[in-house]
Amino acid sequence: MRSLDFARDDRCIMNADAGKTKLVDSLDVERLRRDFPILDQTVYDGKALVYLDNAATSQKPEAVIDALVEYYTRYNANVHRALHYLGEQATARFEEARGKLARFIRAPSERNIAFTRGTTESINLVAYAWGRANVGKGDVILATGMEHHSNLVPWQILAREKGAELKLVPIQDDGTLDMESFASLLSSNVKLVAVTHMSNVLGTVNPVKEMAKAAHDAGALILVDAAQSVPHMAVDVAALDADFFAFSSHKMCGPTGAGVLYAREELLDAMNPFMGGGEMISKVNDDYSTWADLPYKFEAGTPNIADVIAFGVAADYLTDIGMDRIHEHEKALTAYTMARLEEIPDVRVFGHAPERGGAVSFAVGEIHPHDLSQYVDQQGIAIRAGHLCAQPLMRRLGVTAVSRASVYFYNTEDEIDRLADAVRKAQQFFGHG
Ligand code: PMP
(Lines give C-alpha, C1' and ligand atoms only; values in the text may rest on other atoms or scores of the structure.)
Protein backbone atom coordinates (compact mmCIF):
# COMPACT_ATOMS: atom_id res chain seq x y z
CA MET A 1 0.00 0.00 0.00
CA ARG A 2 1.34 3.40 -0.93
CA SER A 3 2.81 5.41 1.86
CA LEU A 4 1.62 3.23 4.73
CA ASP A 5 5.27 2.47 5.13
CA PHE A 6 6.27 5.45 7.26
CA ALA A 7 9.89 4.51 6.57
CA ARG A 8 12.99 6.66 6.50
CA ASP A 9 13.52 6.49 10.25
CA ASP A 10 16.95 7.90 9.54
CA ARG A 11 15.22 11.27 9.85
CA CYS A 12 14.96 10.60 13.59
CA ILE A 13 17.72 10.24 16.13
CA MET A 14 17.38 9.24 19.74
CA ASN A 15 18.32 11.66 22.45
CA ALA A 16 19.84 9.17 24.88
CA ASP A 17 19.56 11.46 27.92
CA ALA A 18 15.88 11.96 27.89
CA GLY A 19 14.94 8.92 25.85
CA LYS A 20 13.26 11.40 23.53
CA THR A 21 12.88 11.02 19.82
CA LYS A 22 14.22 14.26 18.43
CA LEU A 23 13.19 15.19 14.97
CA VAL A 24 15.92 15.98 12.54
CA ASP A 25 13.23 17.79 10.79
CA SER A 26 12.75 17.73 7.09
CA LEU A 27 10.06 20.36 7.64
CA ASP A 28 10.79 23.91 8.61
CA VAL A 29 7.98 23.91 11.14
CA GLU A 30 8.69 27.37 12.52
CA ARG A 31 8.44 28.83 9.02
CA LEU A 32 5.27 26.88 8.26
CA ARG A 33 3.69 28.05 11.51
CA ARG A 34 3.99 31.63 10.28
CA ASP A 35 1.52 30.71 7.52
CA PHE A 36 -1.14 30.16 10.22
CA PRO A 37 -2.08 33.48 11.85
CA ILE A 38 -4.31 31.74 14.41
CA LEU A 39 -1.41 29.81 15.94
CA ASP A 40 0.41 32.98 16.91
CA GLN A 41 -1.71 34.08 19.82
CA THR A 42 -2.04 33.84 23.55
CA VAL A 43 -5.23 32.77 25.30
CA TYR A 44 -6.63 33.39 28.78
CA ASP A 45 -4.01 35.25 30.83
CA GLY A 46 -1.20 35.22 28.27
CA LYS A 47 -0.72 31.48 27.66
CA ALA A 48 0.67 30.69 24.20
CA LEU A 49 -1.96 28.67 22.36
CA VAL A 50 -1.21 24.99 21.74
CA TYR A 51 -3.66 23.52 19.24
CA LEU A 52 -3.87 19.73 19.47
CA ASP A 53 -7.39 19.15 18.14
CA ASN A 54 -6.47 18.67 14.50
CA ALA A 55 -8.49 15.49 14.04
CA ALA A 56 -11.61 17.60 14.70
CA THR A 57 -10.54 20.33 12.32
CA SER A 58 -7.22 21.74 11.15
CA GLN A 59 -6.16 25.37 11.15
CA LYS A 60 -6.04 27.35 7.88
CA PRO A 61 -3.02 28.94 6.26
CA GLU A 62 -3.13 32.50 4.96
CA ALA A 63 -3.19 31.26 1.35
CA VAL A 64 -6.55 29.59 1.99
CA ILE A 65 -7.98 32.57 3.86
CA ASP A 66 -6.77 34.87 1.04
CA ALA A 67 -8.48 32.67 -1.57
CA LEU A 68 -11.81 33.13 0.23
CA VAL A 69 -11.36 36.89 0.45
CA GLU A 70 -10.25 37.08 -3.17
CA TYR A 71 -13.33 35.20 -4.38
CA TYR A 72 -15.72 37.52 -2.56
CA THR A 73 -13.82 40.70 -3.42
CA ARG A 74 -12.82 39.96 -7.03
CA TYR A 75 -15.03 37.43 -8.80
CA ASN A 76 -18.09 36.37 -6.76
CA ALA A 77 -20.60 34.89 -9.22
CA ASN A 78 -22.56 31.72 -9.68
CA VAL A 79 -20.88 28.89 -11.57
CA HIS A 80 -21.77 26.93 -14.71
CA ARG A 81 -24.50 29.34 -15.83
CA ALA A 82 -23.51 32.99 -15.95
CA LEU A 83 -22.34 34.15 -19.39
CA HIS A 84 -20.34 37.06 -18.04
CA TYR A 85 -16.78 37.75 -16.98
CA LEU A 86 -17.20 37.09 -13.27
CA GLY A 87 -19.19 33.92 -13.89
CA GLU A 88 -16.51 32.61 -16.19
CA GLN A 89 -13.79 33.40 -13.66
CA ALA A 90 -15.70 31.67 -10.86
CA THR A 91 -16.47 28.62 -13.01
CA ALA A 92 -12.88 28.31 -14.18
CA ARG A 93 -11.53 28.45 -10.60
CA PHE A 94 -14.20 26.07 -9.33
CA GLU A 95 -13.40 23.49 -12.00
CA GLU A 96 -9.68 24.06 -11.46
CA ALA A 97 -10.24 23.00 -7.85
CA ARG A 98 -11.84 19.77 -9.05
CA GLY A 99 -8.71 19.02 -11.07
CA LYS A 100 -6.49 19.78 -8.07
CA LEU A 101 -8.45 17.44 -5.82
CA ALA A 102 -8.49 14.70 -8.47
CA ARG A 103 -4.71 14.91 -8.76
CA PHE A 104 -4.28 15.09 -4.99
CA ILE A 105 -5.77 11.60 -4.56
CA ARG A 106 -4.59 10.39 -7.98
CA ALA A 107 -8.08 9.87 -9.34
CA PRO A 108 -8.12 8.83 -13.00
CA SER A 109 -10.37 11.73 -13.97
CA GLU A 110 -12.18 14.82 -12.74
CA ARG A 111 -15.39 12.95 -13.57
CA ASN A 112 -14.73 10.83 -10.48
CA ILE A 113 -14.89 13.85 -8.17
CA ALA A 114 -18.25 15.09 -6.83
CA PHE A 115 -18.15 18.02 -4.45
CA THR A 116 -20.18 17.66 -1.27
CA ARG A 117 -20.30 19.43 2.11
CA GLY A 118 -17.87 16.90 3.56
CA THR A 119 -17.26 13.27 4.44
CA THR A 120 -20.63 12.86 6.15
CA GLU A 121 -22.54 14.07 3.11
CA SER A 122 -20.37 11.98 0.77
CA ILE A 123 -21.17 8.81 2.70
CA ASN A 124 -24.87 9.66 2.87
CA LEU A 125 -24.82 10.27 -0.88
CA VAL A 126 -23.62 6.69 -1.38
CA ALA A 127 -26.09 5.30 1.15
CA TYR A 128 -29.00 7.02 -0.59
CA ALA A 129 -28.04 6.97 -4.26
CA TRP A 130 -26.24 3.61 -4.42
CA GLY A 131 -27.50 1.85 -1.29
CA ARG A 132 -31.21 2.22 -1.93
CA ALA A 133 -30.86 0.69 -5.38
CA ASN A 134 -28.39 -2.05 -4.53
CA VAL A 135 -29.00 -3.25 -0.97
CA GLY A 136 -32.03 -5.38 -0.19
CA LYS A 137 -33.53 -7.79 2.30
CA GLY A 138 -31.03 -10.31 3.61
CA ASP A 139 -28.03 -8.39 2.29
CA VAL A 140 -25.17 -7.49 4.59
CA ILE A 141 -23.24 -4.23 4.99
CA LEU A 142 -19.95 -4.89 6.71
CA ALA A 143 -18.49 -1.98 8.68
CA THR A 144 -15.98 -2.11 11.54
CA GLY A 145 -16.03 -1.54 15.27
CA MET A 146 -13.91 1.59 14.92
CA GLU A 147 -16.11 3.60 12.56
CA HIS A 148 -16.98 7.24 13.15
CA HIS A 149 -20.76 7.66 13.42
CA SER A 150 -20.65 9.19 9.93
CA ASN A 151 -19.71 5.79 8.51
CA LEU A 152 -22.13 3.85 10.67
CA VAL A 153 -25.42 5.68 11.15
CA PRO A 154 -26.17 6.02 7.38
CA TRP A 155 -25.74 2.24 7.08
CA GLN A 156 -27.95 1.62 10.10
CA ILE A 157 -30.68 3.73 8.49
CA LEU A 158 -30.29 1.90 5.17
CA ALA A 159 -30.25 -1.55 6.78
CA ARG A 160 -33.41 -0.78 8.80
CA GLU A 161 -35.20 0.53 5.74
CA LYS A 162 -34.24 -2.39 3.51
CA GLY A 163 -34.30 -5.32 5.94
CA ALA A 164 -30.56 -5.73 5.47
CA GLU A 165 -28.07 -6.51 8.21
CA LEU A 166 -25.18 -4.38 9.43
CA LYS A 167 -22.26 -6.33 10.86
CA LEU A 168 -19.09 -4.96 12.44
CA VAL A 169 -15.58 -6.38 12.11
CA PRO A 170 -14.20 -6.65 15.68
CA ILE A 171 -11.06 -4.90 16.92
CA GLN A 172 -8.07 -6.52 18.60
CA ASP A 173 -6.50 -5.17 21.79
CA ASP A 174 -3.72 -3.34 19.94
CA GLY A 175 -6.30 -1.35 17.97
CA THR A 176 -6.01 -3.26 14.70
CA LEU A 177 -8.90 -4.94 12.94
CA ASP A 178 -9.33 -8.66 13.44
CA MET A 179 -8.60 -9.63 9.84
CA GLU A 180 -9.53 -13.29 10.39
CA SER A 181 -13.00 -12.24 11.48
CA PHE A 182 -13.14 -9.88 8.51
CA ALA A 183 -12.40 -12.80 6.15
CA SER A 184 -15.00 -15.01 7.78
CA LEU A 185 -17.66 -12.26 7.77
CA LEU A 186 -17.16 -11.68 4.03
CA SER A 187 -19.97 -13.92 2.80
CA SER A 188 -21.59 -13.64 -0.60
CA ASN A 189 -24.42 -11.64 1.02
CA VAL A 190 -22.08 -8.75 1.72
CA LYS A 191 -22.84 -5.89 -0.66
CA LEU A 192 -20.56 -3.26 0.80
CA VAL A 193 -17.55 -3.03 3.09
CA ALA A 194 -17.48 0.39 4.82
CA VAL A 195 -14.19 1.08 6.55
CA THR A 196 -12.24 4.01 7.87
CA HIS A 197 -8.78 4.48 6.38
CA MET A 198 -7.49 5.95 9.65
CA SER A 199 -9.31 5.81 12.97
CA ASN A 200 -10.04 9.19 14.54
CA VAL A 201 -9.76 7.56 17.99
CA LEU A 202 -7.05 4.88 17.80
CA GLY A 203 -5.03 6.34 14.94
CA THR A 204 -5.02 2.88 13.34
CA VAL A 205 -4.34 2.87 9.61
CA ASN A 206 -6.38 0.02 8.20
CA PRO A 207 -5.13 -2.20 5.36
CA VAL A 208 -7.72 -0.92 2.91
CA LYS A 209 -5.95 -2.19 -0.19
CA GLU A 210 -5.98 -5.73 1.18
CA MET A 211 -9.59 -5.25 2.30
CA ALA A 212 -10.59 -3.94 -1.14
CA LYS A 213 -9.17 -7.03 -2.79
CA ALA A 214 -10.98 -9.36 -0.37
CA ALA A 215 -14.23 -7.39 -0.78
CA HIS A 216 -14.00 -7.54 -4.56
CA ASP A 217 -13.19 -11.26 -4.51
CA ALA A 218 -16.36 -11.75 -2.46
CA GLY A 219 -18.40 -9.69 -4.94
CA ALA A 220 -18.75 -6.66 -2.64
CA LEU A 221 -17.80 -3.02 -3.08
CA ILE A 222 -15.70 -1.01 -0.64
CA LEU A 223 -16.26 2.49 0.70
CA VAL A 224 -13.29 4.13 2.40
CA ASP A 225 -13.85 6.91 4.94
CA ALA A 226 -10.68 8.89 4.30
CA ALA A 227 -11.51 11.89 6.52
CA GLN A 228 -8.44 11.24 8.67
CA SER A 229 -6.05 9.83 6.07
CA VAL A 230 -6.09 12.25 3.13
CA PRO A 231 -4.93 15.21 5.29
CA HIS A 232 -1.95 13.29 6.64
CA MET A 233 -0.54 10.94 4.01
CA ALA A 234 -0.19 10.60 0.26
CA VAL A 235 -3.05 8.50 -1.10
CA ASP A 236 -3.69 6.89 -4.44
CA VAL A 237 -7.32 5.86 -4.82
CA ALA A 238 -6.66 3.87 -7.95
CA ALA A 239 -3.86 1.87 -6.29
CA LEU A 240 -6.05 1.26 -3.24
CA ASP A 241 -8.80 0.11 -5.59
CA ALA A 242 -11.47 1.91 -3.57
CA ASP A 243 -14.94 2.04 -5.10
CA PHE A 244 -16.06 4.99 -2.99
CA PHE A 245 -13.72 7.34 -1.12
CA ALA A 246 -14.84 10.25 1.05
CA PHE A 247 -12.97 13.14 2.67
CA SER A 248 -13.42 16.69 4.03
CA SER A 249 -11.70 19.96 3.25
CA HIS A 250 -11.66 21.33 6.79
CA LYS A 251 -9.35 18.63 8.17
CA MET A 252 -6.71 19.38 5.52
CA CYS A 253 -6.22 23.13 5.86
CA GLY A 254 -9.27 24.01 3.77
CA PRO A 255 -12.52 25.68 4.81
CA THR A 256 -15.51 23.96 6.36
CA GLY A 257 -18.50 23.04 4.23
CA ALA A 258 -16.64 21.36 1.38
CA GLY A 259 -15.69 17.76 0.73
CA VAL A 260 -15.29 15.15 -1.96
CA LEU A 261 -16.92 11.93 -2.93
CA TYR A 262 -14.66 10.00 -5.26
CA ALA A 263 -16.25 7.01 -6.95
CA ARG A 264 -15.46 4.79 -9.91
CA GLU A 265 -17.04 6.15 -13.04
CA GLU A 266 -19.14 3.06 -13.85
CA LEU A 267 -20.70 3.29 -10.40
CA LEU A 268 -21.48 6.99 -10.69
CA ASP A 269 -22.91 6.41 -14.16
CA ALA A 270 -25.23 3.69 -12.92
CA MET A 271 -26.33 5.54 -9.78
CA ASN A 272 -29.43 7.66 -9.45
CA PRO A 273 -28.95 11.24 -8.29
CA PHE A 274 -28.89 11.94 -4.56
CA MET A 275 -30.71 15.28 -4.73
CA GLY A 276 -32.78 16.80 -7.51
CA GLY A 277 -32.76 20.45 -8.55
CA GLY A 278 -30.92 22.94 -10.68
CA GLU A 279 -27.64 22.13 -12.38
CA MET A 280 -27.95 18.33 -12.10
CA ILE A 281 -30.27 17.90 -15.06
CA SER A 282 -29.86 17.55 -18.79
CA LYS A 283 -33.53 18.06 -19.77
CA VAL A 284 -36.56 18.64 -17.58
CA ASN A 285 -39.86 17.52 -19.04
CA ASP A 286 -43.18 18.12 -17.28
CA ASP A 287 -43.14 14.75 -15.58
CA TYR A 288 -39.57 13.43 -15.75
CA SER A 289 -36.01 14.57 -16.27
CA THR A 290 -32.73 13.33 -17.62
CA TRP A 291 -29.50 13.84 -15.77
CA ALA A 292 -26.44 15.97 -16.39
CA ASP A 293 -23.11 14.41 -17.22
CA LEU A 294 -20.71 13.29 -14.47
CA PRO A 295 -20.07 14.54 -11.91
CA TYR A 296 -22.70 17.30 -12.13
CA LYS A 297 -25.51 14.76 -11.74
CA PHE A 298 -24.52 14.72 -8.06
CA GLU A 299 -24.19 18.48 -7.54
CA ALA A 300 -27.73 19.85 -7.32
CA GLY A 301 -28.13 23.55 -6.64
CA THR A 302 -25.55 26.29 -6.21
CA PRO A 303 -22.43 24.67 -4.82
CA ASN A 304 -20.20 26.00 -2.05
CA ILE A 305 -18.15 27.94 -4.58
CA ALA A 306 -15.75 29.95 -2.41
CA ASP A 307 -14.96 27.06 -0.09
CA VAL A 308 -14.40 24.61 -2.93
CA ILE A 309 -11.97 27.03 -4.60
CA ALA A 310 -10.12 27.49 -1.30
CA PHE A 311 -10.16 23.68 -0.82
CA GLY A 312 -8.16 23.46 -4.05
CA VAL A 313 -5.71 26.03 -2.69
CA ALA A 314 -5.35 23.92 0.48
CA ALA A 315 -4.51 20.86 -1.63
CA ASP A 316 -1.84 22.89 -3.44
CA TYR A 317 -0.47 24.13 -0.12
CA LEU A 318 -0.10 20.58 1.22
CA THR A 319 1.39 19.36 -2.06
CA ASP A 320 3.99 22.13 -1.93
CA ILE A 321 5.06 21.00 1.54
CA GLY A 322 5.02 17.36 0.42
CA MET A 323 2.65 14.75 1.81
CA ASP A 324 5.47 12.30 2.49
CA ARG A 325 7.34 14.89 4.56
CA ILE A 326 4.16 15.74 6.45
CA HIS A 327 3.66 12.05 7.16
CA GLU A 328 7.21 11.58 8.40
CA HIS A 329 7.02 14.57 10.71
CA GLU A 330 3.73 13.36 12.14
CA LYS A 331 4.94 9.81 12.56
CA ALA A 332 7.84 10.96 14.72
CA LEU A 333 5.69 13.46 16.62
CA THR A 334 3.05 10.80 17.29
CA ALA A 335 5.67 8.42 18.68
CA TYR A 336 6.94 11.27 20.84
CA THR A 337 3.42 12.10 22.07
CA MET A 338 2.70 8.50 22.99
CA ALA A 339 6.05 8.15 24.78
CA ARG A 340 5.62 11.40 26.75
CA LEU A 341 2.09 10.45 27.83
CA GLU A 342 2.88 6.84 28.64
CA GLU A 343 5.76 7.75 30.93
CA ILE A 344 3.24 9.48 33.21
CA PRO A 345 1.91 7.12 35.91
CA ASP A 346 -1.72 6.06 35.43
CA VAL A 347 -1.92 7.27 31.85
CA ARG A 348 -3.24 4.76 29.36
CA VAL A 349 -2.96 5.38 25.62
CA PHE A 350 -5.51 3.62 23.39
CA GLY A 351 -4.29 2.18 20.10
CA HIS A 352 -0.89 0.64 19.42
CA ALA A 353 -1.32 -0.45 15.82
CA PRO A 354 2.01 -0.74 13.99
CA GLU A 355 0.67 1.61 11.32
CA ARG A 356 -0.92 4.59 13.00
CA GLY A 357 -1.49 8.28 12.53
CA GLY A 358 -1.48 11.20 14.91
CA ALA A 359 -4.77 10.85 16.80
CA VAL A 360 -3.69 9.86 20.31
CA SER A 361 -6.55 9.01 22.67
CA PHE A 362 -5.81 8.43 26.32
CA ALA A 363 -7.19 8.10 29.85
CA VAL A 364 -5.65 9.64 32.96
CA GLY A 365 -6.55 7.47 35.94
CA GLU A 366 -10.04 8.27 37.14
CA ILE A 367 -10.03 11.88 35.95
CA HIS A 368 -13.01 12.43 33.68
CA PRO A 369 -11.87 13.39 30.15
CA HIS A 370 -14.07 16.49 30.23
CA ASP A 371 -12.44 17.65 33.48
CA LEU A 372 -9.00 16.94 32.06
CA SER A 373 -9.60 18.79 28.81
CA GLN A 374 -11.03 21.76 30.69
CA TYR A 375 -8.00 21.79 32.97
CA VAL A 376 -5.44 21.64 30.15
CA ASP A 377 -7.45 24.24 28.25
CA GLN A 378 -6.81 26.61 31.15
CA GLN A 379 -3.11 26.10 30.39
CA GLY A 380 -3.77 27.20 26.80
CA ILE A 381 -3.84 23.69 25.32
CA ALA A 382 -6.73 22.60 23.10
CA ILE A 383 -7.44 18.86 23.15
CA ARG A 384 -10.67 16.96 22.62
CA ALA A 385 -12.70 14.93 25.11
CA GLY A 386 -15.79 12.79 24.73
CA HIS A 387 -16.95 9.75 22.80
CA LEU A 388 -15.38 11.23 19.64
CA CYS A 389 -18.41 10.16 17.55
CA ALA A 390 -17.44 6.53 18.05
CA GLN A 391 -19.74 5.13 20.74
CA PRO A 392 -19.45 1.46 19.65
CA LEU A 393 -15.66 1.80 19.92
CA MET A 394 -15.95 3.40 23.38
CA ARG A 395 -17.93 0.35 24.52
CA ARG A 396 -15.20 -1.92 23.10
CA LEU A 397 -12.58 0.08 25.03
CA GLY A 398 -14.70 -0.13 28.19
CA VAL A 399 -15.00 3.65 28.62
CA THR A 400 -17.67 6.25 27.99
CA ALA A 401 -15.24 8.93 26.86
CA VAL A 402 -11.53 9.55 26.20
CA SER A 403 -9.21 12.53 25.92
CA ARG A 404 -7.52 13.00 22.55
CA ALA A 405 -4.51 14.95 21.40
CA SER A 406 -4.18 15.01 17.62
CA VAL A 407 -1.21 16.50 15.80
CA TYR A 408 -0.63 18.09 12.42
CA PHE A 409 2.55 19.11 10.61
CA TYR A 410 2.69 22.48 12.40
CA ASN A 411 2.87 20.94 15.87
CA THR A 412 6.15 20.65 17.75
CA GLU A 413 7.75 18.57 20.48
CA ASP A 414 7.70 21.62 22.76
CA GLU A 415 3.94 21.70 22.48
CA ILE A 416 3.76 18.01 23.41
CA ASP A 417 6.01 18.73 26.41
CA ARG A 418 3.53 21.39 27.51
CA LEU A 419 0.69 18.88 27.21
CA ALA A 420 2.59 16.30 29.27
CA ASP A 421 3.34 18.91 31.97
CA ALA A 422 -0.32 19.96 32.03
CA VAL A 423 -1.45 16.34 32.45
CA ARG A 424 0.92 15.90 35.41
CA LYS A 425 -0.38 19.13 36.96
CA ALA A 426 -3.95 17.92 36.42
CA GLN A 427 -3.15 14.77 38.39
CA GLN A 428 -1.98 16.93 41.30
CA PHE A 429 -4.95 19.25 40.98
CA PHE A 430 -7.56 16.50 40.94
CA GLY A 431 -5.73 14.66 43.69
CA HIS A 432 -5.53 11.32 41.96
CA GLY A 433 -4.03 9.70 38.94
N1 PMP B 1 -14.98 10.06 9.56
C2 PMP B 1 -13.97 10.27 10.40
C3 PMP B 1 -12.98 9.17 10.64
C4 PMP B 1 -13.85 11.50 11.04
O5 PMP B 1 -12.85 11.72 11.89
C6 PMP B 1 -14.80 12.51 10.77
C7 PMP B 1 -14.72 13.88 11.43
N8 PMP B 1 -14.44 13.85 12.78
C9 PMP B 1 -15.82 12.24 9.87
C10 PMP B 1 -15.89 11.00 9.29
C11 PMP B 1 -16.88 13.24 9.55
O12 PMP B 1 -16.33 14.30 8.84
P13 PMP B 1 -17.19 15.63 8.56
O14 PMP B 1 -17.70 16.06 9.91
O15 PMP B 1 -16.21 16.58 7.99
O16 PMP B 1 -18.28 15.26 7.64
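In which loop does Lys60 lie? The legends below refer to a predicted model.

View 1. Lys60 is part of the loop between β5 (50-51) and α2 (62-75). Sequence neighbours within four places are left aside here, and Lys60 is then in contact with Asp35, Phe36, Pro37, Ile65, His250, Cys253, Gly254 and Pro255. Lys60 and Ala258 are 198 residues apart along the chain, and 14 Å separates their C-alpha atoms.

**View 2. The largest pocket and its lining.** This pocket holds about 280 Å³ of space. Its lining consists of 18 residues. Those that lie nearest the centre of the pocket are Thr119, Thr120, Ser150, Ser248 and Lys251. By residue class, the lining has 11 polar, four charged and three nonpolar members. Helix α4, which covers residues 119-134, gives the most to the lining, contributing three residues.

**View 3. Domain 1 against domain 2.** According to the domain assignment, domain 1 is made up of 10-34 + 322-429, and domain 2 of 64-320. In the contact between them, 31 residues come from domain 1 and 32 residues from domain 2. The centres of the two domains, taken over C-alpha atoms, are 29 Å apart. The size of an interface is often given as the accessible area lost when the parts come together. For domain 1 and domain 2 the buried area is about 2400 Å², with 58% of it from carbon and sulfur atoms. Met323, Leu393 and Tyr408 account for 25% of the area that domain 1 buries against domain 2, more than any other three residues.

**View 4. The salt bridge of Arg396 and Asp173.** The side chains of Arg396 and Asp173 are paired at 2.9 Å, N to O. Between domain 1 and domain 2 the count is one salt bridge.

**View 5. The salt bridge of Arg111 and Asp293.** Side chains of opposite charge can pair when their charged atoms come close. The closest N and O atoms of Arg111 and Asp293 are 3.4 Å apart. This pair links distant parts of the chain, as the two residues are 182 residues apart. Arg111 sits in the loop between α3 (85-104) and β6 (113-116), while Asp293 sits in the loop between β14 (289-291) and α10 (305-321). Over the whole structure, the search finds 21 salt bridges.

Terms used:
Residues are numbered from 1 along each chain as its sequence is written. This is a predicted model: local features need pLDDT of at least 70, side-chain atom pairs count only at pLDDT 80 or more; totals for chains, interfaces and linings use all residues. Side-chain values use heavy atoms; hydrogens and water are left out. On a 1 Å grid over the protein atoms alone, a cavity is a set of points where a 1.4 Å probe fits but cannot get out, and a pocket is an open set with protein on both sides within 12 Å along at least five of seven lines; lining residues have an atom within 4 Å of a point. Grid points are joined across faces, edges and corners, and a volume is the space filled by probe spheres set on the points. Helices (H or I, at least four residues) and strands (E, at least two) are DSSP runs, numbered from the N terminus. Ala, Val, Leu, Ile, Met, Phe, Trp, Tyr, Cys and Pro count as nonpolar, Asp, Glu, Lys and Arg as charged, and the others, Gly among them, as polar. Domain bounds come from an automatic or database domain assignment. Contact means heavy atoms within 4.5 Å. Buried area is the accessible area (1.4 Å probe) that two parts lose on being put together, summed over both. A salt bridge is a side-chain nitrogen of Lys or Arg within 4 Å of a carboxyl oxygen of Asp or Glu.
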